[in-house]
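Notebook open, model loaded. I wanted to look up how the helices and the sheet go together.

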Amino acid sequence: MSGFFALPGYVQSALLICWCVLFVADIYCVIASFIHKATVSSKLICFSNFLFCSVGFFTFAFGYMSNIRAVVLLPFVMKICSAPWVTAFLLFGVSLIFTLICLRKIKIWRTEHITPMSIKEGTDKLPMGICFHDKNGVTRLINHRMEDICRLLIGETQFDAFVLWERLSRGDVCHGNKIILSGESLIYSLSDGSAVSFTRKKVDVDGADYYEIKAVNVTREYMLSLNLQKRNDETREFNRRLRQYGEKVDDIMREREILSAKINIHDELGETLLATRNYLEKGKTAVSRDKLLEMWKSNIALFRTGERKSLETKSSFSDLYEAAEVMGIELKVVGTVPEADKGTLRLIISGARECLTNAVHHANATRLTLEIKRDKAFYTVDYTNDGTPPDGEISEGGGLSYLRQRIEKEGGFMSVQSEPDFRLTLKLPCEGGNPNDKSIGG
Amino acid sequence: MIKVLVVEDQAMPRQLFESIISASADYELVQSIRNADLADVYCEQFDVDLILMDICTDMNSSGLEASERIKKKFPQIKIIIVTSMPEVSYLDRAKNAGVDSFWYKEVSDEPIISLMNRTVAGESVYPDSTPVVPLGQIKSSDFSDRELEILRELTSGDTNADIGERLGISQHTVRDHIKSMLEKTGFHSRTELAVKARESGIVILDRY
């Protein structure tokens, strides 16, 4: 025996092991070339190399086995194994070179081309959740983040994507998760403290319809919006208190003015007393006797004025009664006067003023009746008189048109009836009512 | 005798005016009322020659609005506005309404009786300017007209968007003006600015 057979047993074993590794590598190269859809020439090279390596491996394998037990070798196997031992190494070397070339080509191809696996790896690295499904709802691609989100929201990662979207839209999710915004874009606050925005859109892939669902982390924006909402609530509360202050500030300023006036009176009286004492003690003073007398008259007149019943105890509406009395008209009020609702009261008085004037000038009336009714959102005030009805349609002059402007500016309504009798009707929004509630007034 | 109508909702100033008129030989008090909206009624019924008209009267009825109405109906009636509020727009609004004279209760050196005499004689007496009051680190005269407009609206407690809509400017412009006013006055918040402005009386919002 010569050639390969002449080599020591351990050398033959080592060579065969190397051939075996090469053989496996060539199998990989062939499979890879087909999977990656390599060019025809590349597939040919890989396949040819695989065949060459296979022949070489099995040839020397059979040759090695013939050493161990009696095996009938094929003539060409015999021939190759009998060739000088360098042939075995040479053949191995050639196969090795071609295998290395194929492996390198495959490596280059993989770095330069996107494979389905690389797409999956890439999407798994995305910070957002993403899922692609077909028109039947079958998921084609889903990344880890989306799986985690779905596990939190619906407790599973295998689902019909259409059902998933429907559940998200309805808010039908596991406890601890909360829908913040619904619509085309859905925003959820998840049980892990994060906030996610879901969007879905249709994509065309080679003429087929697929759907892409994205879940973007908007936790920071959500926290900012919560913070903003909190600050807006605080600002609204400040504004509410400022409005309340605005309503009270007139009373506060009034009290200040009253105090200032009282101080003035006190000072005047004090000055008068001092001047009088000087006059009585020393017989002369900085002011003349007549002037002193004038000062006392002024102070006494002031005290006498103060003896009159204070107007402050009278209600605002009582001024209207007095004004009507001055005009020789009896004012009759049916219903409850909204004394606490200053804005409405003022408008009612303005309406009464117009009607008083017109009742005297045009109707020769002796009585003006105000009928005040209230529903949820409006006060309705009807003004009528017992005078002569108007001749024909009333055209709104300066007073009535000005009144209308003010009423409408405050969200109220005004109507003037000329026949059969004069009637002015005001519909005035009450404080806390909703003047836009068309089911009630207007 | 010159017939005088007093329109003043506060008892002390009203009584002071009444006593001044009563003590005078030239003037006769027709009536004292609290509500400017009813002043026309008394002008209809009495031969009023002169009105001492406060601006902020009972139920926030405006003496300026009442003056404008009365001047249209009764141009011969003289009107003197009497106020203690240094609201910056009152002087111009009074002039536009046709008010004859203007008197600041606490600041004017001239006694009211003297002003009444001059007004009845045909003079129109107005102060040169609104009283200047301090507001924070600056004076009321240091604000621009637009700033005062916005400051007035700010006292309503409404949002920048609402204020901007009323004034016909953007809410960002409103915000910038408020920021400028805060920097000028040294106040720390818009609430503080609004409260101080309202307390000082340099801006008063007509609510009704």
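Before the helix pair, a note on angles: axes are lines fitted to C-alpha atoms, for helices over the stretch in contact, and angles run from 0 to 180 degrees between N-to-C directions. Helices (H or I, at least four residues) and strands (E, at least two) are DSSP runs, numbered from the N terminus.

Ground rules: this is a predicted model, where local features need pLDDT of at least 70, side-chain atom pairs count only at pLDDT 80 or more, and totals for chains, interfaces and linings use all residues. Residues are numbered from 1 along each chain as its sequence is written, chains are lettered from A and ligands numbered from 1 in the order in which they are written, and side-chain values use heavy atoms, without hydrogens and water.

Helix pair. I looked at α6 (residues 145–154) and α7 (residues 160–167) of chain B, whose axes come within 10 Å and cross at roughly 125 degrees.

Arg152(B). I found this one in helix α6 of chain B. Arg152(B) is buried, at 15% relative accessible area (buried means under 20%, exposed over 50%, partly exposed in between, with a 1.4 Å probe and protein chains only). Beyond four places in sequence, its contacts (heavy atoms within 4.5 Å) include Glu87(B) and Leu205(B).

Sheet. I traced five strands of chain B in an open, parallel sheet, ordered β2-β1-β3-β4-β5. Strands pair if DSSP finds at least two bridges between them. The edges are β2 (27–33) and β5 (101–104) of chain B.
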